[in-house]
Amino acid sequence: MSLTVSPQLLDDARRGSVSDDKFMDCVRTSLPYAYDVVARLAADFSAGGRPFTDNEVPPPNEAARGQLLRAMSSNAIRSAMERHFHVTLAFQNCHRVAVFPPDAAATAEYQDFISLESQVLNQRPEFVNC
């Protein structure tokens with residue numbers, strides 16, 4: 001299981017009334033490494049003037065890597081994080097997460113980051129099992 005869900009949140013889900021705030025609290029406590037990476041990138045992005053900011057530091061261990069992979073591969077978690085931090089997320093490999101502005105889909109920088117060419121150019125032998 002990728003999230004540690006409280007009985008209250010489970011009841012909320014059964015009633016069809018999970019709020020973004022409660023869900024993000026669950027994500028923050030269940031996947032702290034992934035949450036912290038995105039929070040740091042969002043803060044760096046808002047302080048910068050760059051078209052995007054990204055993480056190129058590998059996770060410190062397999063547990064952290066797993067958290068990041070689970071957060072980025074879940075549509076619900078990823079979109080909730082985007083709403084929470086008011087960003088668009090992009091993901092290339094086991095650790096390269098990027099934060100773009102919310103309306104980034106049409107920008108050249110976003111399109112370049114998510115391109116097939118960028119994906120291929122971002123590969124390294126040490127990433128084969130990440």
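Begin by selecting Arg15, which is exposed at a relative accessible area of 54%; here buried means under 20% relative accessible area, exposed over 50% and partly exposed in between, with a 1.4 Å probe and protein chains only. This is a predicted model, in which local features need pLDDT of at least 70 and side-chain atom pairs count only at pLDDT 80 or more, while totals for chains, interfaces and linings use all residues. Residues are numbered from 1 along each chain as its sequence is written, and side-chain values use heavy atoms, leaving out hydrogens and water.

Asp12 counts as buried, at 2% relative accessibility.

Then select Lys22, whose salt bridge with Asp12 has its closest N and O atoms 3.0 Å apart. Because Lys22 lies in helix 2 (residues 20-30) and Asp12 in helix 1 (residues 7-14), the pair ties together parts that are 10 residues apart in sequence; helices (H or I, at least four residues) and strands (E, at least two) are DSSP runs, numbered from the N terminus. Lys22 is partly exposed, at a relative accessible area of 42%.

Now move to Arg96 and Asp54, a salt bridge with its closest N and O atoms 2.7 Å apart. This pair links distant parts of the chain, 42 residues apart, with Arg96 in the loop between strand 2 (88-91) and strand 3 (97-100) and Asp54 in strand 1 (residues 53-54). Arg96 counts as buried at 14% relative accessibility, whereas Asp54 is partly exposed at 21%.

Notes:
Salt bridge = Lys/Arg side-chain N within 4 Å of Asp/Glu carboxyl O.
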